[in-house]
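Let's take a walk through this protein together, one region at a time. Keep the 3D view open and turn it as you read.

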Amino acid sequence: MSDTYVGAIDQGTTGTRFMLFDHDGRVVASAYEKHEQKYPEPGWVEHDPLEIWENTQEVVTAALEEADVAADRLEAIGITNQRETTLLWDRDSGSPIHDAIVWQDRRTTDRVEQLEADGKVDEIRKKTGLEPDAYFSATKAEWLLDNADPIKLQRARPADIRERAEEGEILFGTIDSWLIYNLTGEHITDVTNASRTMLFDIHEMDWDDELCEEFDVPREMLPEVRPSSDDDTYGSTDPDGFLGAEVPVAGAFGDQQAALFGQTCFDAGDAKNTYGTGSFFLLNTGDDAVESEHGLLTTVGFQRSGEPVQYALEGSIFVTGAAIEWLVDVGFIDDAAETESLARNVDSTDGVYMVPAFTGLGAPHWNQRARGTIVGMTRGTRREHIVRATLESIAYQTRDVAEAMEADSGIEVESLKVDGGAVKNNFLCQLQADILGADIVRPVVDETTALGSAYAAGLAVGYWDSTDDLRKNWQVDREFEPQMTEAEADEKYARWEDAVERSLGWASEGGA
């Protein structure tokens with residue numbers, strides 16, 4: 001067993017990583033490659049699916065070479081991916097008909113507002129557990145079917161995109177499906193990614209005909225939905241392909257559910273928060289699909305072969321790590337690592353609050369027309385204050401979600417497992433503990449999205465026997481306990497709520 005490994009493709013918003021794990025859940029090798037972020041119009045975000053596939057092949061090859069591990073020593077491959085990002089491709093050629101529309105994209109805001117005007121929100125929420133928003137895949141697929149350039153199909157007749165989709169010749173997928181297709185030739189998604197499309201009934205666990213009709217997405221173009229950890233596997237890599245070996249692809253997760261699994265949140269009441277481009281707070285609710293009354297999403301947490309679906313409540317925060325990237329983009333900092341020292345250089349933000357609503361606000365506000373806002377600046381405001389305010393915005397947004405979570409579930413969050421790139425920042429972790437009034441627990445392996453997908457694949461092929469094996473692997477790196485008084489935290493948080501109020505509805509009808 002020590003001579004074999006499980007690999008995980010972690011396809012994220014800004015780049016693609018491949019990680020190799022041993023039986024103890026330790027990282028043996030890792031390789032990473034960024035891809036281009038395209039902004040063709042204000043509020044639009046796109047990725048090149050072919051670039052993502054090319055990068056995937058490169059990082060898999062690079063990590064295996066780094067570890068001096070032959071591909072035939074891989075027991076299985078798992079996939080985790082940026083969720084909701086949507087693309088369509090030609091079944092025969094495998095060519096995308098348009099760049100992928102990224103989850104952050106706002107181009108279908110008007111379409112969602114039409115759903116609200118037509119009184120369809122409650123029906124969609126009841127079936128899907130989702131708050132209708134441009135964030136999810138359904139309106140993106142609808143837009144692609146209506147607007148994709150037929151020239152890319154190399155077809156003579158411009159009108160045949162929908163016709164071919166109805167015949168199953170044009171395929172719909174999120175990024176997991178795209179990678180599975182390129183690795184195995186199969187058109188498959190897992191239950192967690194399906195649950196984020198706004199086309200999937202999470203109670204019936206099947207594509208919903210009425211939703212497909214509403215968004216005019218032919219059912220024939222949709223992938224087969226399988227468990228997140230699939231004993232039957234999704235297929236295997238081509239021994240004549242880039243890997244040169246036949247390796248089962250046996251697990252897939254949307255990235256946040258992968259982190260839930262990687263953090264070993266297997267039981268109802270377990271919670272984690274991932275700090276990536278956005279932040280995503282998930283609470284395992286077991287086999288009960290808890291309906292939220294406070295702006296959270298009811299989503300599929302995970303499913304293993306032959307076992308019931310496990311559900312979760314989720315708070316989706318659109319911009320956290322991306323706010324740090326913005327600080328780099330505008331020249332406040334050269335590198336994300338600078339934020340910790342700069343924030344410590346001042347005692348407070350000096351009354352400055354930053355609401356990073358660059359693509360609207362997600363949970364629990366769900367305001368598509370909110371925009372990024374900085375308030376409270378004076379002539380004495382320095383970049384250190386704005387950097388600190390940006391870090392504080394991450395902690396405040398997490399508290400927004402935690403309070404909604406407690407109201408919906410009745411479970412008080414006393415300890416929160418955290419992961420993602422931003423948790424390397426000790427200042428942020430301590431700040432989060434202070435603002436939340438809860439212990440923050442950081443694991444040794446903080447790339448838990450990749451670890452979760454590796455666990456799913458490894459369980460499916462018997463590399464690990466049970467979830468008990470995975471619990472034994474999980475280790476604490478550091479815990480952060482609240483040091484701020486509850487009164488001070490509440491005062492700061494109340495002012496944050498004032499700042500949020502000023503950001504709401506800023507983008508005008510038809511504006512950016």
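**A guided tour, starting at a hairpin**

Tyr275 has Ser279 in S15 as its bridge partner. Please keep in mind on this tour that the model is predicted. The two strands around this pair, S14 and S15, run antiparallel and are joined by 5 bridges. A hairpin of 3 residues leads from S14 to S15.

Stay with S15 for a moment. Is strand S15 enclosed or open to the outside? It covers residues 279–286, and because 8 of its 8 residues are buried, the rest of the structure largely encloses it. You can check this on both faces: Ser279, Phe281, Leu283 and Thr285 are buried on one side, and Phe280, Leu282, Asn284 and Gly286 are buried on the other. S15 also pairs with strand S17 (residues 310–317), in the antiparallel sense and over 7 bridges. Look there for Asn284, which stands opposite Ala312 in S17.

Now zoom out to the sheet that holds these strands. It is an open sheet of 7 strands with mixed pairing, in the order S16-S17-S15-S14-S20-S21-S22. At its edges are strand S16 (297–302) and strand S22 (476–480), each of which pairs on one side only. On average, neighbouring strands in this sheet are turned by 30 degrees against each other, ignoring direction. Helix H13 (residues 426–436) lies across S14, S20, S21 and S22, and runs at about 145 degrees to S21.

Next, find the other sheet. It is an open one too, made of 5 strands in the order S3-S2-S1-S5-S13, and its pairing is mixed. Strand S3 (27–34) and strand S13 (249–254) are the edge strands, each pairing on one side only. From one strand to the next, the twist averages 15 degrees. Helix H1 (residues 49–67) packs on this sheet and touches S1, S2, S3 and S5, with its direction at about 150 degrees to that of S3. Strand S2 (residues 15–21) pairs with S3 in the antiparallel sense over 7 bridges, and Leu20 has Ala29 in S3 as its bridge partner.

Strand S5 is also the place of Asn81. The side chain of Asn81 makes a polar contact with the side chain of Asn193, at 2.8 Å. Beyond its neighbours within four places in sequence, Asn81 is in contact with several residues, including Gln11, Ile175, Phe253 and Asp255.

Asp255 takes us to our last stop, as it is one of the buried residues of helix H9. This helix (residues 255–262) is mostly covered, with 8 of its 8 residues buried. How does H9 lie against helix H14 (residues 448–460)? Their axes come within 7 Å and cross at roughly 75 degrees, which means that H9 is roughly perpendicular to H14. Among the residues that meet here are Ala258 and Phe261 in H9, and Leu451 and Tyr455 in H14. By class, this contact has 7 nonpolar, 5 polar and 1 charged residues. Just after H9, Thr264 takes a positive phi of about 55 degrees.

Methods:
Residues numbered from 1 in each chain as written. Predicted model: local features only at pLDDT ≥ 70, side-chain atom pairs only at ≥ 80, totals over all residues. Heavy atoms only, no water. Pairing = 2+ DSSP bridges. Helix = DSSP H or I, 4+ residues; strand = E, 2+ residues; numbered from the N terminus. Axes fitted to C-alpha atoms, helices over the stretch in contact; angles between N-to-C directions. Contact = heavy atoms within 4.5 Å. Buried < 20%, exposed > 50% of the residue type's maximum accessible area, 1.4 Å probe, protein only. Polar contact = N/O pair within 3.5 Å; in protein donor to acceptor, adjacent residues only side chain to side chain. Parallel < 35°, antiparallel > 145°, perpendicular 65-115°, else oblique. Nonpolar A, V, L, I, M, F, W, Y, C, P; charged D, E, K, R; others polar.
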